[in-house]
Amino acid sequence: MNPLETTQQWRDVVALKPPASLAELFATSPERVQSMTLRVGGLLIDYSKQLLDPKIIEALLSVSLERDVASAFQDMAAGQAINVTERRAVGHMALRSPKGQRCLMNGIDVAPEVHATLDRMATLATAVRSGDYVGATGSRIRTIVNIGIGGSDLGPSMMYEALRSLRSAEISCRFVANVDPADLAANLQGLKPAETLFIVTSKTFTTQETLSNATAAREWLVAALGETAVDKHFVAVSSNAQAVKEFGIDPRNMLAIWDWVGGRFSLPSAVGLAVMIAIGSEAFQEFLIGMHSMDTHARDSVGVDNAPLMLALINIWNSTVLHSRSRVVMPYSFDLRRFPAYLQQLVMESNGKTVRKDGSLVPYATSPVVWGEPGTNAQHAFMQLLHQGTDVVPVDFIGFARSDSSDKNRQGLLFANMLAQSQALAFGQPQDAQQERHRNFSGNRPSTTIVAAELTPRVLGELIALYEHVVFFEGAMWGINSFDQWGVELGKELATQISQNIANVDDATRHNMDASTHTLLQWFSEQQTNTSQSPLH
Ligand code: F6P
């Protein structure tokens, strides 16, 4: 395949100018909103406030045809090893395929083991929820502590918050990710070892943060209940049975994930176990149904009807062509407050790349920085810059008509605020000659609004799968591999080396380090041995 930048289709896109005035476009095209709104499952996606016109959309779609992104999607669905740098298939769609459907991964049908694992999860979740599963002393489990980081944390912790209204009142979940001892300490506070079940979630079971937190958690449990209690209070989710065993968890207490599931795509696997325990296996199944329906949509819908493809093209238009270097995601939903953090890993670990699949350097910008906070909080924090700053930052708004609260007034206020922000960004305020410049809103600042009636498990599944496939189509357009993450490896290696030198920062260490790192390490070492108390203690 020819490099993207050499194709006529891409040159045509780059030659286009964004519309000068969204206000004018809205005034002159009464059909605009209708034609730029997609309804997929329970989602309504309105991208009419993007800086697009039919000519730009057509040109972007021509590039997607030329790149043949639909075939690339089929290759992923067929279980081909599209993760070329790790020589792996990319199989997260198999995790939510319905029973009875074959899912080939490198030519092998993985559906039976996927469903066997889901069934084991459901059995465990049901037993913990009913109180049939008891700890070493015979007490029922009251708290689940998931220990994991990255994809082994961000997905389940986000989903646990998102589906707050469905959670069992009998059991709560806590999530420990950070190697900072404060994270585990804060999350163990108030817990009774006899009523606590730890889920150590790590695909590789080699992740430093997770293993050191799990070791500390194990010590906490053993100190209270003895070594024999580990069996009843530790479950592992991993693809590495040997390492699980070496850690001291019986592999019979391990739920499998597979190397063809990327960490950031692993939520519908056993990585979601804590959530399944909290909301029940039926609600979890609904979530999988939502994801699967979006998978089918992404595979079967063509061109302008394909929601993830359209959102990917819009992102590429904004970031690669119009040079927006960041993108904001603002859920107008307190329960979705961890969604931006979840998306940061999904998007940036996938598409923060400078080298294409064929080894060539990309001569254009790939993923922008993704960030965000829930509305309305964000309005009183960073929205000033989005309305009047020198950078144009496209926004994804996400909102709901109903919540579990009976307070319709405040839900209305929340939704109204979301619409007000997108309206102000798009249309600004016509400048009045008398008006001070400082009060001027230029408008023409792009946003997409995604809404659903309610944040149900099915809608959450659709939303997450939507963004997963946006990431896929962006990567396919840019020609990069969205499924490796070599960029995090060097930091891990250096952290291991540096941590080995913490106890002994002598002159010999200096030769292996740059002067800055050595000086900081020496300072750290001195501070750690400095016993003088802070005045606050
Ligand atoms: O940050 C790198 C990474 O490899 C992520 O891709 C992954 O989600 C995370 O570490 C945790 O990995 P594991 O589940 O193997 O502990």
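Which helices each supply at least two residues of the lining of the largest pocket? In this predicted model, helix 9 (208–225), helix 15 (339–351) and helix 19 (489–501) each do so, and helix 19 provides the largest share of that lining, with four residues. The space in the largest pocket amounts to about 890 Å³, and among the 37 residues that line this pocket, those closest to its centre are Thr204, Thr207, Gln485, Glu489 and Lys492. When the lining of the largest pocket is divided by class, 17 residues are polar, 11 are nonpolar and nine are charged.

The second largest pocket holds about 610 Å³ of space; it is lined by 28 residues, of which Arg164, Asp335, Ser403, Asp404 and Gln411 lie closest to the centre. Helix 17 (residues 408–427) contributes the largest share of the lining of this second largest pocket, namely five residues, and the lining as a whole consists of 11 nonpolar, 10 polar and seven charged residues.

Helix 17 also contains Asn417, which is classed as partly exposed because its relative accessible area of 22% falls between the limit of under 20% for buried residues and that of over 50% for exposed ones. When residues up to four places away in sequence are not counted, Asn417 touches Tyr332, Thr376 and Gln379, and with Gln379 the side chain of Asn417 forms a polar contact of 2.9 Å. Thr366, by contrast, is 51 residues from Asn417 along the chain, and the C-alpha atoms of these two residues are separated by 31 Å.

Technical notes: Residues numbered from 1 in each chain as written. Predicted model: local features only at pLDDT ≥ 70, side-chain atom pairs only at ≥ 80, totals over all residues. Heavy atoms only, no water. 1 Å grid on protein atoms, 1.4 Å probe; cavity = no way out; pocket = protein on both sides within 12 Å on 5 of 7 lines; lining within 4 Å. Points joined across faces, edges and corners; volume = space filled by probe spheres on them. Nonpolar A, V, L, I, M, F, W, Y, C, P; charged D, E, K, R; others polar. Buried < 20%, exposed > 50% of the residue type's maximum accessible area, 1.4 Å probe, protein only. Contact = heavy atoms within 4.5 Å. Polar contact = N/O pair within 3.5 Å; in protein donor to acceptor, adjacent residues only side chain to side chain.
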